[in-house]
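This report walks through one protein structure, helix by helix. Please keep the sequence and the 3D view at hand while reading.

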Amino acid sequence: AAPDPAAAAEARDAVERVCRGLAPPDRRLLELAARGYKTVEIAGLLGQNADVLRVRLSRLRARLRAAGGAGGWV
């Protein structure tokens, strides 16, 4: 079935709301994950520990799900 345009718009709004409340490093982490980068690749780009980023990304994804906007986005 084709995706519901209203639901897609609602999900985008939820993602934008959550992202506005994030610190710049967390927004960057989500942005890179959304572009398809693996956590290890992101760690290399940002010069950070991959395990720490995995935990942060997991928590960010949970926030997106709670806001109703993850829908496979990250």
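Pro5, Ala6, Glu10 and Arg20 are exposed on one side of H1, where exposed stands for over 50% relative accessible area, buried for under 20% and partly exposed for the range in between, with a 1.4 Å probe and protein chains only. On the other side of this helix, the buried residues of H1 are Ala14, Val15, Val18 and Cys19. Seen down the axis of H1, these buried residues fall within an arc of 130°, so they line one face of the helix; the arc is that of the directions from the helix axis to the C-beta atoms. The cover over the buried residues of H1 includes H2 and H4.

With its 16 residues, H1 reaches 22 Å from its first C-alpha to its last, close to the 22 Å expected at 1.5 Å a residue, the expected span being 1.5 Å times one less than the number of residues. Asp13 also has its place in helix H1, and this residue is partly exposed, with a relative accessible area of 41%. Although Asp13 and Ala67 are 54 residues apart in sequence, they are 9.5 Å apart in space, C-alpha to C-alpha.

## Basis of the model and overall layout

The model is a predicted one, in which local features need pLDDT of at least 70 and side-chain atom pairs count only at pLDDT 80 or more, while totals for chains, interfaces and linings use all residues. Residues are numbered from 1 along each chain as its sequence is written, and side-chain values use heavy atoms, with hydrogens and water left out.

The secondary structure of the protein comes to four helices and zero strands, and along the sequence the pattern reads α-α-α-α; helices (H or I, at least four residues) and strands (E, at least two) are DSSP runs, numbered from the N terminus. Of the 74 residues in the protein, 27% are buried. Among the contacts with a separation of 6 or more, 53% come from residues 24 or more positions apart, a contact being heavy atoms within 4.5 Å.

## Helix H4 and its cover

H4 has 18 residues and reaches 25 Å from its first C-alpha to its last, close to the 26 Å expected at 1.5 Å a residue. Within H4, the residues Ala50, Leu53, Leu57, Leu60 and Leu64 are buried. Viewed down the axis of H4, its buried residues fall within an arc of 85°, so they line one face of the helix, whereas the face turned away from that buried side carries the exposed residues Asp51, Arg59, Arg65 and Ala66.

The cover over the buried residues of H4 includes helix H1 (5–20), H2 and helix H3 (39–46). Thr39 has its place in helix H3 and, at 16% relative accessibility, counts as buried. Leaving aside residues up to four places away in sequence, Thr39 touches Ala50, Leu53, Arg54 and Leu57.

## How H2 meets H4

Helix H2 (residues 24–34) and helix H4 (residues 50–67) have axes that come within 10 Å and cross at roughly 85°. That makes H2 roughly perpendicular to H4, a label used for angles of 65 to 115 degrees. Pro25, Asp26, Leu29, Leu30 and Ala33 in H2 meet Leu53, Arg56, Leu57, Leu60, Arg61 and Leu64 in H4.

How values were computed
Axes are lines fitted to C-alpha atoms, for helices over the stretch in contact, and angles run from 0 to 180 degrees between N-to-C directions. Angles under 35 degrees count as roughly parallel, over 145 as roughly antiparallel, 65 to 115 as roughly perpendicular and the rest as oblique.
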